[in-house]
Amino acid sequence: MGLALVHIIFPKYFNWKEELKSLSLINKQMMTIHTFFIALVVFLMGLLCLTSATELIETRLGKTISLGLAIFWSLRLIIQFLGYSPKLWKGKRFETIIHILFSGLWIYLSIIFWMNYIN
C-alpha cells in the first residue's frame, strides 16, 4: 500500500508539468490517469492481502488470485531489467539504491505469491 502512495509524488518528482508539455492532451491525460489507476490497483492488492490473507492462503479462489499476483509481480520484475535502461540509475547513488530496493521488493512479492500458489 505504501508503494501505491509513492505514486502521489511522481508528478512533482519527475517534473511532469514541464516534461509533458510537448505531449498531446490525450497523452498527458493518459499518463496522469493511468498512473492513478496503477496506484489504485497496487493499493487494492495491498488491502486485499491485509484484509483477506487467510482466504488467499486457504481457498481455491485465493490460490487463483495469488497466481495472478505472482504473474503480475514477476512481470514487473522482468520489466525492471528489460524495460528500463540502466542509464537511468547506473552511476547515480539515489537511483541505484531505489533500483536495488524495488528489485528486491518485486523479487519478494513474486516469491511470496508463487509460493502461496504452489503450496
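Q: Which residues does Ser66 touch, not counting those up to four places away in sequence?
A: In this predicted model, Ser66 touches Leu56, Phe113, Asn116 and Tyr117, with residues up to four places away in sequence not counted.

Q: And where does Ser66 lie?
A: Ser66 is part of helix H6.

Q: Is Ser66 buried or exposed?
A: Ser66 counts as buried, because its relative accessibility is 1% and buried means under 20%.

Q: Changing topic, which residues make up the largest nonpolar core?
A: That core has 12 residues in all: Leu3, Ala4, Ala39, Val42, Met45, Leu69, Ala70, Trp73, Leu77, Trp106, Leu109 and Phe113.

Q: Which helices each supply at least two residues of this core?
A: Those helices are H1 (2-6), H4, H6 (60-82) and H7 (93-118).

Q: Which one gives the most?
A: Helix H6 gives the most to this core, namely four residues.

Q: Take Leu69, then. What is Leu69 in contact with, leaving aside neighbours within four places in sequence?
A: With those neighbours left aside, Leu69 is in contact with Met45 and Phe113.

Q: What about Val42: where does it lie?
A: Val42 lies in helix H4, which covers residues 25-51.

Q: Why does Val42 count as buried?
A: Val42 counts as buried because its relative accessibility is 6%, and the cut-off for buried is under 20%.

Q: Which contacts does Val42 have beyond its neighbours within four places in sequence?
A: Val42 is in contact with Leu3, Ala4 and Trp73.

Q: How are the C-alpha atoms of Val42 and Lys12 separated?
A: They are separated by 20 Å, and the two residues are 30 residues apart along the chain.

Methods
Residues are numbered from 1 along each chain as its sequence is written. This is a predicted model: local features need pLDDT of at least 70, side-chain atom pairs count only at pLDDT 80 or more; totals for chains, interfaces and linings use all residues. Side-chain values use heavy atoms; hydrogens and water are left out. Buried means under 20% relative accessible area, exposed over 50%, partly exposed in between (1.4 Å probe, protein chains only). Contact means heavy atoms within 4.5 Å. A nonpolar core is a set of buried Ala, Val, Leu, Ile, Met, Phe, Trp, Tyr and Cys residues joined through side-chain atoms within 4.5 Å.
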